[in-house]
Structures are given as C-alpha cells and as structure tokens.
Amino acid sequence: MAPNPGPEDKVDTPATDIPESLVTTLRSTQKLTVLTGSGISAESGVPTFRDAQTGLWARYDPMELATPEAFERDPRLVWEWYAWRRKLAGKAAPNRGHEALAELERRVPDFVLLTQNVDGLHHRAGSQNVVELHGNITRSICSVEGVLVEPREDDAIVPPSCPGCGAFLRPDVVWFGEALPAGEIEDAFDAARECDVFFSIGTSGLVQPAASLAFEALRRGAVVVEVNPNDTPLTRHAGYALRGKAGDVLPGLMRAAYD
Ligand code: APR
C-alpha cells in the first residue's frame, strides 16, 4: 500500500480533480473505514452544528438542549427541540454523498461506516455496515431504564412516558457529558486501527472521542483522506485533503476510481 504522500506533494484538490495516486490506492484497498459528520447531511437540508450562522450551535445553546442536566431542568423543551430535529431529518433525503458511500461499500471487500450523525440518512441511502456513534434521533429510550421504547402517539404528556416505569422518554442520542455506547466506540477504534484507508468526511474533528479516530488510523499507517470544504485540525496531517462538498467530491471520486 502506497505510503501517505508527504506535505511537499500534498495537493488541495478541486472536486473534479482526484489525484491518480489516490485512485490507485482506492482500487487496491482491502479494508476501508469512513467517518462522517454533519457536513455530509448539509446538502440534504439537515443543519450542521458549528457552521457560522447556519449551525445549530450558532442558534441554540447546547448546554440548554443537549445535556442530561438540561433534560432534568426542562424535559419538555429538550423533547420538543429533538422532535423538531426528528421532523427535519424525516423530511430530508439522502444526497449524492450518502449514495456514493453506499456504492463504495459495494466495491470494497471490507468496509465500515462510522457516523456521528443521528439522522439515519446513511441507512436510508442503502449503507449496511454502519456504526452510529452518537445514537439515532428516530429512536426513543426510557430515561431511567435505557430501554428502547416506541412513543405512543396518544400520550398526552410531553415528553411521553415509559409504559414500563412511567419515567420520561428521551431521544436515543448521546448528549454532551455522556459516554458513547461501549460496543460502538470499541468497534470504531478497531476499524480505525485495522484499515488501510480512512476517510474523514464532513466533520470539524472537534468532538472526542470520534475526533481521535483519524489520528489512530494515521498512527497505524493508513492512508487518510479528508473531504471538507474547510480546514480542520486533521487537514495538515491527512495524506489527501479533498477540498469541496461531499456531494461533489464523493461522486467524482467514484467516477475516477470505478468508471
Ligand atoms: N460536505 C462536506 N463537509 C461539509 C459540508 C459539505 N457539504 N458542509 C459543511 N461541511 C463541514 C464543515 O466545514 C465542518 O468542518 O462539515 C463540518 C461540520 O462540523 P460540525 O458542525 O462541527 O459537525 P460534526 O463534526 O458532525 O460535530 C460532531 O458534535 O455537536 C456534536 O454530537 C454532535 O455529532 C456531533 C458532533
């Protein structure tokens, strides 16, 4: 497997111009791990978190909406905010970036898609081997027992209550200050350590532990590719920084490698 290109021969790549060496690497890869963030769903109309003005955290205070303490303080406010986001995700459709990854999975012998996104769009695009690191907004759990519960439509109280113990239901997502699901994060670090190519797509790389995955892959000698219209802490370490939107770059990459 070709080593990571050094800083002297790294190129910022317009969407349509995929380096030949990356195409060669992709065609011969046996084990590919992808990490996605909210940027890949931006073109589907799902807001990112930290993009200026449009990002959720530019408009809302995460400490008021995405922590166990916030839910304790005002369960109705938190539930209704997630219900709004669930509706947004429900109305959204997978875009060409999601679809390209579903196709890439069919082309590579061993493929793992790690996502920080809770919108479920990768599954809806046809991706199979998906690890949801931060949960999924379309699911609800009992806030005490932690078991999956389908909210009853006719439940008058907001948030709805658990039929088992009567406690409030909450979205099945990981809030700030909470640990990620143990199995998923273990699978994620295994996939980062064992891959020969690692893609980081549409993530600012600011939230741990997901932000460490690409560096773990680098440490193990994988070729690391970043797809993002903007710089992140990973950009100068990545072997390839494909500058552009996922919905432009990924279809271009698929055409260059497999057409
Ligand atoms: N294609 C690719 N990347 C994009 C696009 C696009 N069309 N649009 C924006 N981006 C990039 C931005 O440049 C930014 O680097 O996507 C990134 C989005 O970063 P964040 O908003 O920080 O989202 P993310 O990295 O997914 O956040 C991680 O933080 O708030 C928590 O739990 C939440 O899972 C989330 C975690």
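Residues are numbered from 1 along each chain as its sequence is written. Because the model is predicted, local features need pLDDT of at least 70 and side-chain atom pairs count only at pLDDT 80 or more, while totals for chains, interfaces and linings use all residues; side-chain values use heavy atoms, without hydrogens and water.

Let's start inside. A nonpolar core is a set of buried Ala, Val, Leu, Ile, Met, Phe, Trp, Tyr and Cys residues joined through side-chain atoms within 4.5 Å, where buried means under 20% relative accessible area (1.4 Å probe, protein chains only). The largest one holds 29 residues, and Leu-32, Leu-104, Phe-199, Ile-201, Leu-242 and Leu-250 have the most contacts inside it.

Helices (H or I, at least four residues) and strands (E, at least two) are DSSP runs, numbered from the N terminus. Helix α11 gives the most to this core, 7 residues. A second, separate core of 21 residues includes Leu-35 and Ala-222.

Now the strands. In β5 (residues 135–142), 6 of the 8 residues are buried, so the strand is largely enclosed by the rest of the structure. Strand β5 pairs with β6 (residues 169–173) in the antiparallel sense over 5 bridges; pairing requires at least two DSSP bridges. Asn-136 has Asp-172 of β6 as its bridge partner.

Finally, Leu-104 in α7 and Leu-250 in α11 are among the residues where these two helices meet, with contact meaning heavy atoms within 4.5 Å.

Notes:
Buried means under 20% relative accessible area, exposed over 50%, partly exposed in between (1.4 Å probe, protein chains only).
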